[in-house]
Amino acid sequence: MSEEKQEREPLFSPKNLKLVKGPINLDNPITVQVLGICSALAVTAKMKPAIVMTISVMVVLAASNVVISLLRNGIPPRIRIIVQLVVIASMVILVDQVLKAFVYDISKQLSVFVGLIITNCIIMGRLEAFAMSNKPWPAFLDGIGNSLGYGLILIIVAFFRELFGSGTLLGLQVVPPGFYNIGYENNGLMILPPMALITVGVIIWVQRYYTRELIEENK
Amino acid sequence: MYSNGYIFRYAAILVIIAAAVLSTANMVLKPFQERNMAIEKMGYILASADIKGVNTKNAIEKFNDYVVEEILVNSKGDVIDSYKEGKMEDGKAFKINMKEELYKKSKGQDFELPIYVINKDGETIYVLPLLGTGLWGPIWGNMALKDDLNTIVGVTFDHKGETPGLGAEIATKQFQDQFIGKKIFDDNGNFTSIKVVKGGVKTLPEAARIHGVDAISGGTITSQGVDAMLSNVLESYLPYLEKHRKK
């Protein structure tokens, strides 16, 4: 991440757009950097919690990125990790309170995982690597980009797990009831975390097959 | 470099700002959260009486339709407050803190407990709220009794954080459906509570099976918690139940 000071850069310059697009594919936090796996396994049994989790992470990450970026010149380096944690923790508690007030059902389903956003390595990683050395606007875009990359994988995984595990999508029955009569069964294994890990593995495989840049040189 | 004084000042100011923001948010959002909890509580009370079609949107309306009276009973079984008019969610019984009342009971002091009287298509159902301890935290629920104050119409259980797949199974329909039709008094009128039996009710003598349900495999402590909650809370209601049963 470069740190040159430019005059009056347009808001959506190619360089800024790259901050959003990069993490979706080439620099994806889950499939490339392999961060945030724990929550990716935990909340992807159904699509609805996965989407709410994505939005929550997006709010937390974008907001903390901006706050840290605004504070970056005043933060004493010796306590910077503590400052980052205070900011993240406050944001997470805010999000948790808002969820409890307005989408109570989902907040019950997500239960501890909202609290665990605090420990999501993607967030600390972005604060430390990007927001500490960039202006607020790029930091905001970086936060949106990374949470989109995170959320994309979450939603793909949740799509397959809900489809094969429960026969529903977003709670609506999509596998026709007739299928069950002729012997089709929901795959109970899809509901369990191990299959989420395998699904993530398959996504990494597919992504690498189509994205040659990601393949390491064989020594 | 930054001096130690600067670091301390910086940390102090940051923490104070964070605390101020969070407590403001908490104060602003509290009414919404409490409303959600009340709606959830109403949903469970209605669900225990087997009233169908209740969701978060119509819970308050249905609660007011079905609940005809909220009673507070004291430790001697006397009715000390009966609330019939007005909105049911404003009743004293609905707002009472079960935890405090049961704590008073454990200290041997006087306590007050709520009963919800539901009129379901002409049938009178009494719903008793329950509260106890599981393995990791509190468990709670409701028990709906027929007007003989003996036969169970249905129960609901919920928990704060029992182990998923084991203790958390108390919140499932399979576990709760076992209670339907069970009795809390035996034929001689003695209080038996409902036993949650490890190994299954089939291990009990024939006559006692109507007073027991199967425990959850792998959820022993939670099952014991349910058992203890039932006997403790039902025992607190016992004076009231005894008085009104014999009529």
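Predicted model: local features only at pLDDT ≥ 70, side-chain atom pairs only at ≥ 80, totals over all residues.
**Stop 1: chain A as a whole**

Begin by selecting chain A, whose secondary structure comes to ten helices and two strands. If you follow the chain along its sequence, you will pass these elements in the pattern α-α-α-α-α-α-α-α-β-β-α-α. The C-alpha atoms of chain A fill a box of roughly 65 × 50 × 35 Å along the principal axes, and of its 219 residues, 37% count as buried. Among the contacts in chain A with a separation of 6 or more, 78% are accounted for by residues 24 or more positions apart.

While chain A is still selected, pick out A:Asn73, which sits in the loop between helix H3 (47-71) and H4 of chain A. Is A:Asn73 buried or exposed? A:Asn73 counts as exposed, because it has 7 C-beta neighbours inside 10 Å, and a residue is called exposed when that number is 12 or fewer.

**Stop 2: chain B as a whole**

Next, select chain B, which has six helices and eight strands, arranged along the sequence in the pattern α-α-β-β-α-α-β-β-β-β-α-β-β-α. The box filled by the C-alpha atoms of chain B, taken along the principal axes, is roughly 85 × 45 × 40 Å. Chain B has 247 residues, of which 30% count as buried, and among its contacts between residues at least 6 apart in sequence, 51% join residues at least 24 apart.

**Stop 3: where the chains meet**

Show both chains together and look at the place where 16 residues of chain A are in contact with 18 residues of chain B. On the side of chain A that touches chain B, the elements giving two or more residues are H4 and helix H5 (104-110) of chain A. Which of the elements gives the most to that side? The answer is H4(A), with ten residues. By class, the residues on this side of chain A divide into ten nonpolar, three polar and three charged.

To see the contact residue by residue, display side chains on H4(A), including A:Val86, A:Ile93, A:Leu94 and A:Phe102, and on H1(B), including B:Leu14, B:Leu22, B:Leu29 and B:Phe32. Taken by class, this contact of H4(A) with H1(B) has 15 nonpolar, five polar and one charged residues.

**Stop 4**

In soluble globular proteins, nonpolar side chains tend to be buried together. In this model the largest nonpolar core has 51 residues, and those that touch the most other members are B:Ala49, B:Ile125, B:Val127, B:Leu128 and B:Leu145. Helix H6 (residues 220-245) of chain B gives the most to this core, with seven residues. Centre the view on B:Leu145, which, leaving aside its neighbours within four places in sequence, is in contact with B:Ile125, B:Tyr126, B:Leu128, B:Asn150, B:Thr151, B:Ile152 and B:Val153. A second, separate core of 44 residues can be found by selecting A:Leu19, A:Ile68, A:Val92 and A:Leu99, which are among its members.

**Stop 5: a helix with a buried face**

Select helix H2 (residues 59-66) of chain B, whose buried residues are B:Ala59, B:Phe63 and B:Tyr66. Turn the view to look down the axis of H2(B), where these buried residues fall within an arc of 80°, so they line one face of the helix. What covers the buried residues of H2(B) includes H1, strand E1 (67-74) and strand E3 (112-120) of chain B.

**Stop 6: two loop residues**

Most residues other than glycine have a negative phi. B:Asp121, in the loop between E3 and strand E4 (123-133) of chain B, is not a glycine and yet has a positive phi of about 50°. B:Asp121 is exposed, with 6 other C-beta atoms within 10 Å.

Finally, select B:Ser193, in the loop between helix H5 (173-177) and strand E7 (195-197) of chain B. B:Ser193 also has a positive phi, of about 55°, although it is not a glycine, and with 19 other C-beta atoms within 10 Å it is partly exposed.

Notes:
Residues numbered from 1 in each chain as written. Chains lettered and ligands numbered in written order. Contact = placed C-beta atoms within 7 Å. Helix = DSSP H or I, 4+ residues; strand = E, 2+ residues; numbered from the N terminus. Nonpolar A, V, L, I, M, F, W, Y, C, P; charged D, E, K, R; others polar. Core = buried A, V, L, I, M, F, W, Y, C linked by C-beta atoms within 7 Å. Buried ≥ 20, exposed ≤ 12 C-beta atoms within 10 Å, placed from the backbone. Arc of directions from axis to C-beta.
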